[in-house]
Amino acid sequence: MTIHWCGTGLSAIPGLRRLLEAGHDVAVWNRTTDKAREAVGDLTTNIHAFSIANLGQMLSPKDVIVSMLPGDWHVSLAELAIEHGAHFVSSSYIAPEMRALDQKAKDAGVCLINEVGLDPGIDHLMAHALVADYKASDAFDPENEISFISYCGGIPKMPNPFRYKFSWSPLGVLKALRSPSKSIRDFKELDVARPWDAISSYKAPLPAAETFEVYPNRDSIPFMTQYEFGEDWKVKEFVRGTLRLNGWADAWADVFKEVETLSGPEGDARLKEMSDQFWAENAYDEGEPDRVVLCVGLKAEKDGAEVWHKTYVMDAWGDERGTAMARLVSYPVSFAIEAAMNGKIAAGVHAAPSDPALVEKWMGEIGKLAQHLEVVDSKG
């Protein structure tokens, strides 16, 4: 069984190195082989210039294709995996085109595992753990009113005036500012056209409580099914969103105003200009620590009183092992690869696992990657 790891960008390296150091048979594919050699050349010479045709020629049944490439490669690589009886792993959200491959994957007896990075990924594991804990508790009652939050953010460990720093091109962050979101607030769907229309304050139960600015992103609602909420549950709040340092909205106010006015090719050109400027002014310095904060909380209320309330909290930052972001994205990917190879994940298209044994095992390992990981019981 060979692991074909495609893509050696910044967020890919720690998990890839972990697999190589563990002695797995890994073929490394990247569009530029020099970058791959720079990243892992001390551990392997099995490095190839990425080509889907050449990859297809080297594939065998039970191999694993890992895509740490841009998202538009995932579906074609997943189809290639199915064709050769191989598994597929990526950290990205499941696109409709990926979900459409479910039956083909089942027929081929292979698993296509996605959403196994940081967010999406570790957040899913935390949600599954909390939902299972709540369902098994004495407080569980379908009549309870349920509130769920999941907020994740990569933020500078040492705050700057812009209240944000970039590890790679800011263009993706700027484009995301133009994306709508859907969540649940006060038992109703909340549709938000732009993130800055729904910024609120969140007090994270870290060892030293800290307040952040948060906003919903993407469409949260399908994740109620993914997290195995009961169809009869009374869901008061359900939001998956982004976390930023306090003061971010003020620091970015002019950015929001301008982004709102941009459209068409001229708008795209201006976004690129802004991206280049932000990269010049607010990129991480060499060796500067980043920080990742992730909070996933589940609360149940009856007659206005809390009967169950726990929050999974993680705080991690860059250290001698490298950036927190790279560790937390790529290590879970490596866990998913091993789970696929060991037959721990059923055939078909999947996100991060809900199986209690896998969740517990992975979270145990993730605890070694973060400086702080805790389930906080806030009931009262």
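At what angle do the axes of helix α11 and helix α12 cross, and within what distance do they come? In this predicted model, the axis of α11 (residues 253-261) crosses that of α12 (residues 264-282) at roughly 160°, and the two axes come within 11 Å.

**View 1. Helix α11 against helix α12.** Angles over 145 degrees count as roughly antiparallel, and the crossing of roughly 160° therefore makes α11 roughly antiparallel to α12. On the α11 side the contact is formed by V255, E258 and V259, which meet R270, L271, M274 and F278 of α12. By class, the residues of this contact of α11 with α12 comprise five nonpolar and two charged ones, with no polar residue.

**View 2. The open sheet of seven strands.** The strands of this sheet pair in parallel and follow the order β3-β2-β1-β4-β5-β6-β15. Because β3 (47-49) and β15 (348-350) each have a single partner strand, they stand at the edges, and one side of each is left without a neighbour in the sheet. With direction ignored, neighbouring strands of this sheet are turned against each other by 20° on average.

**View 3. The pairing of β1 with β4.** Strand β1 (residues 3-6) runs parallel to strand β4 (residues 64-67), and four bridges join the two. Within this pair, W5 has V66 of β4 as its bridge partner.

**View 4. Helix α4 on the sheet.** Helix α4 (residues 74-83) packs on the sheet, where it touches β4, β5 (87-90) and β6 (111-113), and the direction of α4 makes about 160° with that of β5.

Conventions:
Residues are numbered from 1 along each chain as its sequence is written. This is a predicted model: local features need pLDDT of at least 70, side-chain atom pairs count only at pLDDT 80 or more; totals for chains, interfaces and linings use all residues. Side-chain values use heavy atoms; hydrogens and water are left out. Two strands pair if DSSP finds at least two bridges between them. Axes are lines fitted to C-alpha atoms, for helices over the stretch in contact, and angles run from 0 to 180 degrees between N-to-C directions. Contact means heavy atoms within 4.5 Å. Angles under 35 degrees count as roughly parallel, over 145 as roughly antiparallel, 65 to 115 as roughly perpendicular and the rest as oblique. Ala, Val, Leu, Ile, Met, Phe, Trp, Tyr, Cys and Pro count as nonpolar, Asp, Glu, Lys and Arg as charged, and the others, Gly among them, as polar.
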